[in-house]
Amino acid sequence: MLNKTQEEITVKWKSMDTEHPLVSIKCLAFNQEKYIAQTLDGFLMQETDFPFEVIVHDDASTDKTADILREYEKKYPLIVKPVYQTENQYSKRDGSLTRASNAPLKGKYVATCEGDDYWTNPHKLQMQADFLESHDDYFAIGHNVRIVDDNGNAMTQDNPIWRKWFDTYTNMEDRDYSIHDLEEGIMFGQTCTRMYRNIVQKMDADLEKKYFAMDYTNGDVLISLLCFCKGKVRCSSLVAADHRKSIINDSWTAKTFKKNMTRRDILSLLEQEDFANSFGIYPDFTDQQYRHVRRSFLHFKQSKSWSDFSIFIGNLRIIRHKIKFFKRLLRLVK
């Protein structure tokens with residue numbers, strides 16, 4: 001646990017109105033007793049002149065994650081405000097997790113970080129909040145990360161789970177990013193790097209319905225898409241966090257490692273296209289991603305894994321707008 005008192009953290013705050021913090025830190029945690037203390041310490045080492053809150057959503061962990069959270073809550077009651085679930089919300093697949101984790105966020109801005117990642121720069125929150133405060137036309141900002149393994153050691157490109165994330169997360173430039181970058185699979189930084197305006201407290205009913213109905217789209221992609229649709233997005237080359245890639249815990253990487261994700265990718269693309277079209281912008285932004293799906297089809301053919309291919313085709317029966325999908329796919333196979 002961080003060797004710092006609550007008074008030392010708040011000493012430079014210009015206001016002690018913790019009911020109206022400038023920034024809410026949103027953290028999702030599940031069975032991360034090995035990492036959660038390091039994650040919390042990264043939050044609490046932040047040096048700011050404004051109040052911030054730490055909202056950790058424990059999704060009914062079965063290990064000691066909740067016990068560790070209670071220790072921090074006791075030591076930092078004005079800052080650390082966990083949500084303890086008794087029933088796992090993620091497994092419901094109905095938007096319950098997103099609703100439950102968004103509901104307590106009171107800040108003007110939301111900074112996100114998963115329970116196995118951690119911040120390494122004590123000025124991260126201040127720098128990002130200052131940028132958004134002075135640039136009303138920007139909706140969000142991100143930055144670079146270092147990719148580490150389970151033990152916090154920096155990964156190199158020869159690591160078997162390194163894959164695509166070098167360009168996606170660790171090669172960010174000092175520039176504006178847009179939905180066109182998302183076409184190439186590039187978001188505005190990894191989840192643990194982002195700060196965005198708190199749209200969840202002001203989302204209209206129709207948008208909220210569409211947002212929570214997106215069951216197949218990865219959360220990183222979903223929030224990227226939402227931010228790109230809402231306004232300008234900036235990214236920094238600053239490395240201010242470590243993003244953990246693991247295949248032994250409950251992370252997304254672990255759950256999808258060496259798994260055939262093609263069917264889910266297609267369902268996600270259809271969701272994303274409908275969501276983007278609801279804003280009346282970039283109706284063809286998924287073209288590049290459809291090309292990625294085409295490559296997946298070719299991979300099936302090359303690997304002779306026709307059993308997987310047959311299962312995938314069989315599952316297409318539940319996909320709406322199949323004609324639309326295959327027309328798009330055939331148009332790109334040229």
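A: Buried means under 20% relative accessible area, exposed over 50%, and partly exposed anything in between, using a 1.4 Å probe and protein chains only. Helices (H or I, at least four residues) and strands (E, at least two) are DSSP runs, numbered from the N terminus. In soluble globular proteins, nonpolar side chains tend to be buried together.

Before we go on, keep in mind that this is a predicted model: local features need pLDDT of at least 70, side-chain atom pairs count only at pLDDT 80 or more, and totals for chains, interfaces and linings use all residues. Residues are numbered from 1 along each chain as its sequence is written, and side-chain values use heavy atoms, leaving out hydrogens and water.

Let's zoom in on Phe-52. Setting aside neighbours within four places in sequence, Phe-52 is in contact (heavy atoms within 4.5 Å) with Ile-9, Trp-13, Pro-21, Val-23, Ile-25, Phe-43, Gln-46, Ile-79 and Leu-125.

Take Phe-43: it's one of the buried residues of α2, along with Ile-36, Thr-39, Leu-40, Asp-41, Gly-42 and Leu-44. Because seven of the nine residues of helix α2 (residues 36-44) are buried, the helix is largely enclosed by the rest of the structure. The buried residues of α2 pack against α1, β1 (23-29), β2 (52-58), α3 (65-75) and β5 (118-119).

Now Ile-79. Gln-6 touches Ile-79 too, as well as Lys-75, Tyr-76, Pro-77 and Leu-78, not counting residues up to four places away in sequence. Gln-6 is in helix α1 (residues 6-10) and counts as buried, at 10% relative accessibility.

A salt bridge is a side-chain nitrogen of Lys or Arg within 4 Å of a carboxyl oxygen of Asp or Glu. Glu-53 is buried at 0% relative accessibility, whereas Lys-106 is partly exposed at 35%.

Asp-49 makes a salt bridge as well, with Lys-14, their closest N and O atoms being 3.6 Å apart. Here, too, distant parts of the chain are linked, 35 residues apart: Asp-49 is in the loop between α2 and β2, and Lys-14 is in the loop between α1 and β1. Asp-49 is partly exposed at 26%, but Lys-14 is exposed at 72%. Altogether, the structure holds eleven salt bridges.

What about the cysteines? A disulfide is a pair of cysteine sulfur atoms within 2.5 Å, and the count by that rule is zero. Cys-192 is buried at 0%, but its sulfur is 5.1 Å from the closest cysteine sulfur, in Cys-113, which is too far for a bond. Cys-229 isn't in a disulfide either, with the nearest cysteine sulfur, that of Cys-227, 9.4 Å away. Cys-229 is also buried, at 12%.
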